[in-house]
Amino acid sequence: MTSSRRSFLRTAGGTLLTIACGPSVVTASRRRADLIVRGGTLFDGTGAAGAELDISITSGRIVAIGRRLTDTGAIEIDARGLAVAPGFIDIHSHADGSLFQDPRAESVIRQGITTIVVGQDGSSRADGSAGAESFEALFRRIDNLPGAVNVASSIGLGTVRGQVIGNVDRPATADELRAMTALVTRALEQGACGASSGLEYTPGGFATLDELIALCRPLAARRLPYSTHMRNEDDRLLTSIDESIAVARGAGCPLQISHLKTQGPRNWARLDDVFARIETAARQGLDIAFDRYPYIAYQTGLTNLFPIWSREGGTPAFFGRIDDSATGARIRTETLAKVDLIGGWDNVMIASVSAADDKAAEGARVGAFAAGKNADPYDFTVGLLRRNRGNVGMVGFAMSEENLDRILAHPRGMVCSDGGGYALTGPARTGHPHPRGLGSFPRILSRYVRERHALTLPQAINKMTALPASRLRLMDRGRLAPGLAGDLVVFDPATVTDRATFAEPFQYPTGIKAVVVNGTVALLDGERGATLTGRSVRPTA
């Protein structure tokens, strides 16, 4: 081990522990294993300091952990001077968007992520119906790919509403509520790991408090979380947190606030009030937590700048309201107010378009790009949406770096990417994405552990492994112990670095030596393994 690496591991993780104080250990007689990782500083995921131990894996499971195991391995990885951790779990991912076109999941695996949790923001690939739309069918598709990464999925309450009611703004009838509840219950029976809402999007944003409570009640007995992209994350943030707490309290289920943020400079000072509400709810008995990606910009659809009422009924109805003299002026006023809140049009970057003629706009800031065309930025934005039939992605720069430190460090906080799956070549190289899809987890280790000291190394690993696993009841993952799944990542804590930027997002991180998924090497020294062993994963009862 080099002196610099040893020094960093001691500083970040505490003095290296003896075997007796470290992770669960089984002393094994000499045997032949599928894979042995030798000599690394092993962090078991619980938040405990690391210890220099070997780990032996056979048939996809950890069979032994100990100092200088006498086992031999068909494959052996020298991890001396490096950290060994459970494979990272991305508790809020959209990487299934490209998984079926590119199962190698390059940007996921190269971050050290071995399990993604999808079905987020109220939208899932299955809606709980029978047949092709069931979660059983979705999980079969995942298992039959096969893909490189494990996949768990929530049931999207917006998807459920769209299936039963459609994209209309009205309360559910009693019959519709029973039908939607049945879909949620069936999804959970088939292995969904929770339910999600996207209350800034349609049609999920049309749900009432009573509807959300009713649809989340099936979560209670399973102790699975209601994960919410709240109704508002800026001026009405505190009201939205109150609503989220009311849903979970009314349903009797855990609450997971998705990508917690205080959006817009005038709201940055509200973080103390946010934490106070969360801690009060916890003291009153609510199982409450949250997650966040390590960037001060968010990504969403460009239509999200426009008021939700204007988006009811889908894209044609949206443009009809813009063109209508009775509603067009109001839409412009409310949209400009939203843009002003986040700091102006130059804080809006175009992330993706579908029209070939607009590709030059990808990666551009709307204010500067519109000025270069001598166009009003609002009119340019509407025109861009028209040409792309509403399908335009954006990145908004609206958050505080200091608040981000505090959110990541909070004991109830976990790490997510909220990002898609990408690759430098092939079908997963699309648009000009937010760098979070290629760099979130290494960025935590480099910027927020090593540089800003917002987290210790054991704390960061816990927030990326055991904490999300326990939250979703994925009980055989997220920790390194005999009998658990053989998912792990080997990295250099002194050098691991994200390289994706807002200007140049298509860059993989460095400093990750190896990634193992279900006992099979998926990445070693920059080279991908030929065998893809990711599978669907479900909560343990």
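Me: Which residues lie nearest the centre of the second largest pocket?
Reply: The model is a predicted one. In it, the second largest pocket has a volume of about 510 Å³. Its lining takes in 23 residues, and those nearest the centre are Glu 200, Asn 232, Asp 234, Arg 236 and Pro 307.

Me: Which element gives the largest share of the lining of the second largest pocket?
Reply: Two elements give two or more residues to the lining of this pocket, namely helix H8 (237–251) and helix H11 (328–341). The largest share is 4 residues, and the element that supplies it is H11.

Me: How many residues of the lining of the second largest pocket are charged?
Reply: The lining of the second largest pocket holds 23 residues. Divided by class, 8 of the lining residues are nonpolar, 5 are polar, and the number that are charged is 10.

Me: How many charged residues does the lining of the largest cavity have?
Reply: The search of the whole structure gives 4 cavities of 30 Å³ or more, and the largest cavity contains about 60 Å³ of space. Among the residues lining the largest cavity are His 92, Gln 120, Ser 154, Asp 291 and Leu 472. By class, this lining has 4 nonpolar and 6 polar residues, and its number of charged residues is 1.

Me: What is the order of the open sheet of 3 strands with parallel pairing?
Reply: The edge strands of this sheet, which pair on one side only, are strand E6 (88–90) and strand E8 (150–153). Neighbouring strands are turned by 20 degrees against each other on average, direction ignored. With parallel pairing, the order of the 3 strands is E6-E7-E8.

Me: Which residue in E7 is the bridge partner of Asp 90?
Reply: E6 and strand E7 (residues 113–118) run parallel and are joined by 3 bridges. The partner that Asp 90 has in E7 is Ile 116.

Me: Which residue in E16 is the bridge partner of Ile 350?
Reply: Strand E15 (residues 348–352) has 4 of its 5 residues buried. E15 runs antiparallel to strand E16 (residues 393–397), and 4 bridges join the two. The partner of Ile 350 in E16 is Met 394.

Me: Is Arg 528 buried or exposed?
Reply: Arg 528 belongs to strand E21 (residues 527–528). Its side chain makes a polar contact of 3.1 Å with the side chain of Glu 106. A polar atom of the Arg 528 side chain also lies 2.8 Å from the backbone oxygen of Ala 522. The relative accessibility of Arg 528 is 14%, and because the cut-off is under 20%, Arg 528 counts as buried.

Me: Why is helix H16 largely enclosed by the rest of the structure?
Reply: The buried residues of H16 include Leu 457, Ile 461, Lys 463 and Met 464. Helix H16 (residues 457–464) is largely enclosed because the number of its 8 residues that are buried is 7.

Technical notes
Residues numbered from 1 in each chain as written. Predicted model: local features only at pLDDT ≥ 70, side-chain atom pairs only at ≥ 80, totals over all residues. Heavy atoms only, no water. 1 Å grid on protein atoms, 1.4 Å probe; cavity = no way out; pocket = protein on both sides within 12 Å on 5 of 7 lines; lining within 4 Å. Points joined across faces, edges and corners; volume = space filled by probe spheres on them. Nonpolar A, V, L, I, M, F, W, Y, C, P; charged D, E, K, R; others polar. Pairing = 2+ DSSP bridges. Axes fitted to C-alpha atoms, helices over the stretch in contact; angles between N-to-C directions. Buried < 20%, exposed > 50% of the residue type's maximum accessible area, 1.4 Å probe, protein only. Polar contact = N/O pair within 3.5 Å; in protein donor to acceptor, adjacent residues only side chain to side chain.
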